[in-house]
Each structure stands twice: as structure tokens, then as C-alpha cells.
Protein chains: 2
Amino acid sequence: MHYGFGVDLGGTTVKIACFDDSGTMLTKWEIPTVTDNNGEKILPDIAASVRSYIKENNISFEQIHGIGIGVPGAVDKDGIVAGCDNLGWGRTDVQKVLTELTGLPVKAGNDATVAALGECWKGSGHGCDNMVLITLGTGVGGGIILDGKPLYGTRGAAGEIGHMVLNRNETRVCGCGKRGCAEQYCSATGIVRLAKDYLDKNAADSSLRKLETITCKDVFDAAAGQDAVAKEVLEQVYAYMAEFIANICAVLNPGQIVIGGGVSKAGQPLLDGIRRHIGRYIYHAAANVEFNLASLGNDAGVYGAVKLILD
Amino acid sequence: MHYGFGVDLGGTTVKIACFDDSGTMLTKWEIPTVTDNNGEKILPDIAASVRSYIKENNISFEQIHGIGIGVPGAVDKDGIVAGCDNLGWGRTDVQKVLTELTGLPVKAGNDATVAALGECWKGSGHGCDNMVLITLGTGVGGGIILDGKPLYGTRGAAGEIGHMVLNRNETRVCGCGKRGCAEQYCSATGIVRLAKDYLDKNAADSSLRKLETITCKDVFDAAAGQDAVAKEVLEQVYAYMAEFIANICAVLNPGQIVIGGGVSKAGQPLLDGIRRHIGRYIYHAAANVEFNLASLGNDAGVYGAVKLILD
């Protein structure tokens with residue numbers, strides 16, 4: 001039997017999993033991400049953790065394909081991270097450093113792209129070689145798989161779809177410094193903002209007015225309970241999501257759009273909502289796209305990471 | 001020496017060129033596109049023309065790599081055209097039919113995608129493996145090259161960027177049936193429409209008012225002559241183009257955007273105009289993109305087509 005390791009490097013924890021070469025996950029564990037001193041301990045900690053697993057399980061190095069790792073930043077096709085604020089990193093040659101620390105082959109990719117590869121391989125995107133994973137969380141991220149391979153782009157910034165402009169007339173500023181990005185309407189934060197804006201500008205009664213703070217889940221729950229304001233806000237959101245997805249489809253003509261991240265927990269009503277509006281925005285030749293919810297949850301990253309090294 | 005043929009199949013003429021295997025164009029000629037009877041003569045006419053060239057030049061079939069052909073419609077990765085209104089075609093297996101008619105290997109691709117491959121190989125995109133050709137003509141088309149290879153998409157509709165939505169509030173209908181497509185603002189037709197709208201809604205004096213019919217070139221010429229209305233209209237157009245290009249870059253992070261089609265004859269002022277606005281719309285990680293004008297003109301199609309078969 002041969003083995004591979006998948007590593008999902010996040011801002012607070014590192015998820016590590018060992019797989020056999022058919023892609024079955026054998027074990028999964030976590031270590032903290034220590035970002036002190038510009039994150040200098042992060043890669044040594046990962047290397048030590050993997051090496052101790054190898055030793056404890058009496059695995060010989062000849063049996064190991066290597067380590068795949070997803071990193072929260074732009075990673076170019078040589079596995080070099082331009083920089084990563086969350087980790088304190090400047091330019092870092094992840095593949096080279098981690099290979100030196102472990103003696104194993106290493107492949108690195110952007111975390112969202114790697115998660116997309118995971119969903120494509122073992123999750124909702126299974127069987128579809130051309131797919132886009134859209135992650136609707138605090139922000140909006142994306143990963144693109146074409147012909148079964150991750151798309152990195154010239155500088156590792158492919159799939160930064162959260163910063164496509166949806167509303168050129170927006171006055172508020174996105175986290176990226178621009179105005180009108182998809183993230184401002186389709187993220188959990190964006191949905192809450194749209195709800196608050198609506199409540200400010202309209203006198204209509206709503207169960208949301210009774211809440212001290214409004215969360216994204218509150219908006220979906222209120223809509224499920226037939227709150228007219230929440231339903232109206234979500235129709236706005238679904239229209240933005242539909243326009244957003246349609247524009248991605250006009251570029252890529254993917255076979256499948258997989259929606260993940262915290263907002264995707266809204267489930268079927270989210271898919272139905274997008275489908276109600278997509279016809280207005282999608283080009284007919286690209287309209288064959290399927291929509292699904294992500295199925296691997298937090299494991300998409302380690303699956304995609306190990307796939308990098310098994311390929 | 002070995003040879004390859006590049007064919008650019010258009011609605012009124014078919015351009016055919018013979019290349020040596022280093023990609024040097026040896027001869028180029030045209031035949032009319034006969035669309036009678038659902039375009040049934042088109043492929044036989046192309047086959048006859050290529051075969052007579054081969055015979056006249058005493059080329060043996062062993063010396064020929066084959067024929068690459070660009071077709072004005074969605075072409076899937078197996079070379080099958082779903083349908084093509086301009087030619088009168090329904091579903092057509094271009095590769096199979098043209099191989100049967102010539103005895104040569106054939107590769108088919110969408111015309112815009114094939115033109116992009118041509119610009120990438122021998123034109124303005126030379127040296128850049130990740131590029132997008134945007135064709136600003138009567139409509140707006142696009143071709144995407146990633147890692148030096150054309151992107152087809154699931155059903156051959158990748159690169160249909162002219163139908164990305166730029167203005168969700170548009171009331172007029174695009175040729176595709178949707179509202180607010182990039183084509184409605186960035187094509188020659190769209191630029192003329194924006195100019196007419198501006199003249200209708202504003203009382204400002206303009207040299208454009210003296211013209212019986214306004215063409216796209218008239219608008220650029222008037223702007224070059226410091227006509228304030230034309231300049232204002234083009235600033236609107238450049239802002240739309242910048243938003244359009246920025247959204248493509250957020251998806252793909254290309255190294256280069258090459259702009260072709262009739263509108264690109266405006267030249268440097270067009271590139272400068274887009275550059276004045278791009279900063280407002282482009283995500284910083286994708287902002288390394290270069291802009292260039294297409295350089296192969298009408299030959300991009302035959303260059304890209306032969307590249308399909310030489311690869």
C-alpha cells in the first residue's frame with residue numbers, strides 16, 4: 001500500500017489527513033496554526049506532525065507519494081506563495097521548504113482551488129471535469145477545475161470570483177478596496193448588510209427587527225418562517241447570485257457549479273432561489289450548467305490537497 | 001518538409017492557408033461560403049479546394065499533418081458543432097465529415113477560440129500562455145487560451161464573454177434575448193447606440209449631430225477631434241470595457257488581454273481609455289494583466305486553425 005498526505009492550512013488550525021493511494025482517508029487530525037514571528041513555525045510544525053505520524057505507523061518513505069497542501073493565498077504553478085497576511089508570510093516557496101523539512105515531494109495550491117479539486121474528485125462535483133466551487137462564507141471565494149485540473153492563473157489568482165463587480169453603482173467599499181464586488185451581496189456578511197439596509201429603508205414589520213444582532217442564518221430562518229422582509233431580501237440576494245454565476249458561466253461554460261461555505265447550509269431554498277433568477281442572466285449556450293451543494297464540508301481541503309500529489 | 005492547412009470558415013467567405021510545419025504561411029486564398037440548402041456545400045467546397053491545392057503543388061499526403069478549422073459556432077472538444085445559424089447548419093460533426101472528404105486528419109474549434117490561439121501563437125499574445133482575445137466587432141466575442149491550449153468548456157461555449165451581464169438595470173434587449181450584456185456597450189453597435197442615446201438625452205452641441213448616420217468610427221474620430229460629447233460617450237464605453245475585462249480577470253487571472261475586431265482599430269486611445277478606468281474594477285491580485293491590440297488581423301483564424309492540427 002502507498003500513502004499520501006493532504007494538508008489544509010488555515011489561519012487558526014492545520015488539518016492533516018493520511019490517505020491510501022485510492023483516495024480513502026485513513027486518519028485525520030489537527031494542529032494549531034502558530035502565526036507568531038511571521039508564521040515561521042507553521043511549516044516546521046506541519047513537517048514534525050507528518051513525520052511523527054509516519055514513524056508511529058512504521059511507514060517507509062518509499063511507500064509515500066508525498067504531501068499536498070492548500071494555502072490561504074495566491075499560489076503560482078511552481079507552488080510559490082506570493083504572500084499571506086493571515087499567516088504572517090511574505091513570499092514563501094512552500095514546496096521547497098516543506099520538501100527540505102520532510103524529504104517528501106510536495107505540491108501546494110490555493111486553498112479554495114484545492115477545495116474545488118476535492119469536491120470534483122470525491123464530492124458533489126464527482127464525474128464532472130469542468131466545475132467551479134463557489135464558497136459563500138464570511139467572504140466569497142472560488143476554485144476552478146478544468147479538464148479535471150485546477151486553474152491557477154498567471155499569478156495564482158484565478159478563481160478570485162468574489163471580487164467580480166456586480167454593481168458598479170455601489171457606494172460602500174468592499175474589503176478589497178473596490179466597490180460593488182460579488183462578496184458584498186453574496187457572502188454571509190453581505191446578506192446581513194442587505195437585510196439591515198432593507199430594514200433601515202422600509203417601515204415594514206419583520207421578525208428581524210426584534211433581534212439585537214442579525215446573522216445570516218437569522219435571515220434564512222425568518223424567510224423560512226414566511227417573514228416578508230426576509231423573503232424580499234433573499235430574493236435580492238438570489239438575483240445577485242444568479243447574475244454572478246451566469247457571468248462565471250459565460251466565461252467558462254462549466255458543467256457544474258458547486259456551492260459551499262457557511263451560507264450553503266441554507267440548502268435547497270438557496271439552490272431554488274438561484275434557479276428562479278438564473279434564466280434572466282445566463283447565456284443560452286452556457287445554460288446547461290448544474291447546481292449542487294458542496295458535500296465534503298471541511299474535508300474538501302484535505303481531499304483536494306492529497307489529490308494534488310496523487311495526480 | 002511537412003504541411004498543414006488552416007481554414008477560417010466565415011458566413012460569407014472561407015479563408016484557407018497552407019503552412020509549413022514551423023508555422024510559416026506559404027499561401028493564402030479565399031473561396032465563397034455557399035450557405036444554400038442548409039450549407040450542405042460548405043465542407044465539400046473546402047475539401048475540393050484543399051485537394052486541388054495539394055494536387056497542383058505535388059504534395060504527397062504523407063507530408064500533410066492535416067486541416068485545422070475554425071467554425072462560427074459552439075464546437076465541443078470532439079469537434080462537433082451543435083448548430084450554426086449563419087451557415088444554415090444543424091448538428092454537424094465537422095471533423096468526421098471533412099476527414100471523409102479529404103482523407104486527412106481534421107481538428108475543429110470555435111472561430112473566436114481559434115483566433116485567440118492564433119494571436120497566442122504568432123500574434124500579440126506571443127510568449128503568454130494564459131491569454132484572452134476579446135473581439136469587439138458588430139458583436140463581442142472571446143477566445144480563451146490557458147497553458148497554451150484553447151478552452152472549450154463543457155459544450156463548447158467557453159469564452160462567450162460578450163454575454164456577461166454588465167448592467168442589470170438595462171431595459172433594452174440584447175440579440176441573445178437578455179438585458180445588459182457586455183455586447184450592448186462594448187461592440188461597435190453598442191458604442192453607436194450609447195452615442196445616440198447621449199445625443200437624445202442631452203442638448204450639448206456635437207459634430208455627431210451633423211451626420212445622417214453615425215458609425216462607431218465617427219464616434220472615435222469626433223473624440224479625437226475633441227468633440228466633448230463623443231469624448232464623454234467613449235469614457236462611458238471605456239468604463240464598461242474596464243469593468244468587463246476586470247470581471248474576466250477575476251475569473252481567469254490571465255497574463256494578457258488582446259483586443260481585436262473592428263473597434264480595436266481605434267488603437268492606442270482605446271487601450272489608454274480602458275487603462276484609465278481599470279483600477280476601479282480590477283482585483284489587485286489579478287491586476288498584473290497586460291493589454292495589447294491584436295496584430296494578426298483577419299489572419300488570426302487561419303494561424304490558430306493550423307495550430308490546432310500542428311499541436
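In the predicted model, a polar atom of the side chain of B:Thr92 lies 2.7 Å from the backbone oxygen of B:Gly90, a polar contact being a pair of N or O atoms within 3.5 Å in which, within protein, one must be able to donate a hydrogen and the other to accept it, and residues adjacent in sequence count only if both atoms are side-chain atoms. B:Thr92 belongs to strand 6 (residues 92–93) of chain B; strands are DSSP runs of E with at least two residues, numbered from the N terminus. The relative accessible area of B:Thr92 is 13%, so this residue is buried (under 20% relative accessible area, 1.4 Å probe, protein chains only). Leaving aside residues up to four places away in sequence, B:Thr92 touches B:Leu43, B:Gly79, B:Ile80 and B:Val81 (heavy atoms within 4.5 Å).

In chain A, 7 of the 7 residues of strand 1 (residues 3–9) are buried. A:Tyr3, A:Phe5, A:Val7 and A:Leu9 point one way from this strand, and A:Gly4, A:Gly6 and A:Asp8 the other way. In a regular strand the side chains alternate between the two faces of the sheet.

Strand 1 of chain A pairs in the parallel sense with strand 4 (residues 64–71) of chain A over 6 bridges, pairing requiring at least two bridges found by DSSP. A:Gly66 is the bridge partner of A:Gly4 in strand 4 of chain A. With strand 2 (residues 13–20) of chain A, strand 1 of chain A pairs in the antiparallel sense over 7 bridges, and these two strands form a hairpin with 3 residues between them. A:Lys15 in strand 2 of chain A is the bridge partner of A:Asp8.

Residues are numbered from 1 along each chain as its sequence is written, and chains are lettered from A and ligands numbered from 1 in the order in which they are written. Local features of this predicted model need pLDDT of at least 70, side-chain atom pairs count only at pLDDT 80 or more, and totals for chains, interfaces and linings use all residues, while side-chain values use heavy atoms, with hydrogens and water left out.

Notes:
Buried < 20%, exposed > 50% of the residue type's maximum accessible area, 1.4 Å probe, protein only. Helix = DSSP H or I, 4+ residues; strand = E, 2+ residues; numbered from the N terminus.
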